[in-house]
Amino acid sequence: MTIFPPDPDFEALRLELARLRAARGWTYDELAARSGLARRTLIEIEQGRTIGTLKTWHALAHALNTPLDELFGVVCEGHEPPGPTGGDR
């Protein structure tokens, strides 16, 4: 029997990006300059047209001075995040 994990909440991830950017008072241009990403990429992520790559999110985490695991923690909203189960490692 295959047990599938719950779907990740990518909507929460894009909203967290928008929240963090707004909390700093940064425009798309400011975040683009700090992250090395294209302004268009940031807009498309925040508007939910793309999810971005791990490399993209790594650059965003550094630019926002936010740990990557904290940033990605929101994708597990609404369900229990994965963790140690005792003997599966």
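Which helix is Thr56 found in? Helix H4, residues 54–64. Before I go on: this is a predicted model.

Let's stay with Thr56. Is Thr56 buried or exposed? Buried, because its relative accessible area is 10%, and the cut-off for buried is under 20%. What does Thr56 touch, leaving aside residues up to four places away in sequence? Leu37, Thr41 and Ile45.

Two of those names come back in the next part, the meeting of H3 and H4. Helix H3 covers residues 39–46. The axes of H3 and H4 come within 12 Å, and they cross at roughly 100 degrees. So H3 is roughly perpendicular to H4. Who meets whom? From H3, we have Thr41, Leu42 and Ile45. From H4, we have Thr56, Trp57 and Leu60. By type, the residues of this contact are 4 nonpolar and 2 polar, with no charged ones.

Now take Trp57. Trp57 counts as buried, because its relative accessibility is 2%. Next, aromatic pairs. Phe72 is partly exposed, at 24% relative accessible area.

Last, two arginines over rings. Arg21 lies over the face of Tyr28, 4.1 Å from the ring centre. Arg24 lies over the face of Trp26, at 5.8 Å from the ring centre.

How values were computed:
Residues numbered from 1 in each chain as written. Predicted model: local features only at pLDDT ≥ 70, side-chain atom pairs only at ≥ 80, totals over all residues. Heavy atoms only, no water. Helix = DSSP H or I, 4+ residues; strand = E, 2+ residues; numbered from the N terminus. Buried < 20%, exposed > 50% of the residue type's maximum accessible area, 1.4 Å probe, protein only. Contact = heavy atoms within 4.5 Å. Axes fitted to C-alpha atoms, helices over the stretch in contact; angles between N-to-C directions. Parallel < 35°, antiparallel > 145°, perpendicular 65-115°, else oblique. Nonpolar A, V, L, I, M, F, W, Y, C, P; charged D, E, K, R; others polar. Lys NZ or Arg CZ within 6 Å of the ring centre and 35° of its normal.
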